[in-house]
Amino acid sequence: MPTLERIDAFADELTAIRRDLHAHPEIGFEEVRTSGIVADKLASWGVEVHRGLGGTGVVGTLKGKGNGTKRIGLRADMDALPMEENTNLAWRSTIPGRFHGCGHDGHTTMLLGTARYLAETRNFDGTVHFIFQPAEEGLGGARAMIKDGLFKQFPCDEIYGLHNAPDMNHGEVGIFPGPAMAAADFFDIHIKGYGAHGAMPERSKDPVVIAMTLGQAMQSIVSRNIDPFQSAVLSITQIHSGSAYNVIPDDAKLCGTVRCFSETVRQQIRDRMHALAKGIATAFGVEITVDIRDGFSVLVNQEEHSKAVEEVARTIVGDANVITRSKPKMGSEDFADMLHAVPGAYFWVGHDGSVPVHNPGYYLDDKILPIGASMFARIVETRLPV
């Protein structure tokens, strides 16, 4: 069976919703307009709406036919990225420094399409919770919703999420059990040196040189301290220091991220970062502070629920388009925290276009909206049969 005919019938409306969201992006915990649109759409279809979890989060609840007590959660993220868009699309971002460069506008729209379809058909026995999450992009939106009582107020027996994938072919669905996406730490390292005239470096404790030394040393952690059979990445993504050509500044800052699939490796990298900073601080006679924050957990798909997604995908996109070979991603996703609380699975839907997410030229192909909506809907109908 291909995408659901009833969803295909309102695909143009889904495209209009997605492009409107794209033109008006909002970053984490600021999704006021977006969550308002979500709540209004859900209410108009007869879905019970709850707002305010995790700040701007929205949960819609829908009961199907019969007296079944099983509950399924479906989750979509709503936030955009704090970056500029560099496309010539007619629906490109209208807000400077804000861009749906990861396709969360598409995820939100897909789940809205699922909600509309299930509200019209109710061809399931049990309860569905449509979870629209804020602040996925490193700000802890999933944890905020959980802290606010997400699974206490809206208990789920299993939960599912998805992500668009421009690195896959259009119509392909990828799903595999076990560790699927990496854990992530974010770090800020502050070097407190001593400034001087650029022509008199001997009077300084140059934080720029120290930052370069520490940054280079940190690149040895993965290559020289971590078991080569363990996947890990340490990336310095920001360097901040100085304000003039002839001034050696007082301080410098290094920022970045660590990704891995093992808590042991994670702690080993943290320990080495602290040790290197301490040693280099002693060598140069400066103060270096290291702040490492737990951003994301390892995302682990359960075997049973991964198999359920696989079987549904075969009915939606066909056997040839279902990818089940294990290929964990070094990217991270805070849906991992929901999967730590409730068993379930996270899958990918491929679409046309070769520009990767988080690139200013990224765009989402609207043709996948009915595919994602159909996947979610059929998961519910399969797992909660009438």
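Contact here means heavy atoms within 4.5 Å. With that in mind, Arg 270 touches Asp 185, Ile 292 and Asp 294, not counting residues up to four places away in sequence. The structure is a predicted model, in which local features need pLDDT of at least 70 and side-chain atom pairs count only at pLDDT 80 or more, while totals for chains, interfaces and linings use all residues. Residues are numbered from 1 along each chain as its sequence is written, and side-chain values use heavy atoms, with hydrogens and water left out.

Helices (H or I, at least four residues) and strands (E, at least two) are DSSP runs, numbered from the N terminus.

**The open sheet**

- Strands of a sheet pair through backbone hydrogen bonds, either parallel or antiparallel.
- Two strands pair here if DSSP finds at least two bridges between them.
- An open sheet is built from 8 strands in the order 1-2-4-3-5-16-6-15, and its pairing is mixed.
- Its edge strands are strand 1 (48–53) and strand 15 (322–323), each of which pairs on one side only.
- Strand 15 pairs with strand 6 (residues 173–174) in the parallel sense over 2 bridges, and Val 173 has Val 322 as its bridge partner in strand 15.

- Buried means under 20% relative accessible area, exposed means over 50%, and partly exposed lies in between (1.4 Å probe, protein chains only).
- In strand 12 (residues 251–260), 8 of the 10 residues are buried, so the strand is largely enclosed by the rest of the structure.

**Helix 10 and what it packs on**

- Axes are lines fitted to C-alpha atoms, for helices over the stretch in contact, and angles run from 0 to 180 degrees between N-to-C directions.
- Helix 10 (residues 303–316) packs against helix 12 (residues 369–383) at an angle of about 120 degrees, with their axes 9 Å apart.
- The two helices are therefore oblique to each other (angles under 35 degrees count as roughly parallel, over 145 as roughly antiparallel, 65 to 115 as roughly perpendicular and the rest as oblique).
- Among the residues that meet are Ala 308, Val 309 and Val 312 in helix 10, and Ile 371, Met 375 and Ile 379 in helix 12.
- Helix 10 also lies across strand 5 (158–165), strand 6, strand 15 and strand 16 (344–350), running at about 35 degrees to strand 16.

**Residues to look up**

- Which helix holds Arg 270? Arg 270 is found in helix 9 (residues 263–284), and with a relative accessible area of 18% Arg 270 is buried.
- Met 330 sits in the loop between strand 15 and helix 11 (335–341), and is partly exposed at 28% relative accessible area.
- Met 330 and Ala 183 are 147 residues apart in sequence and 8.2 Å apart in space, C-alpha to C-alpha.
- Residues that Met 330 touches include Ser 231, Arg 259 and Phe 261.

**Two positive phi values**

- Most residues other than glycine have a negative phi.
- Phe 29 has a positive phi, near 65 degrees; Phe 29 lies in the loop between helix 2 (11–23) and helix 3 (32–44).
- Arg 122 has a positive phi too, near 50 degrees, in the loop between helix 4 (104–121) and strand 4 (127–133).
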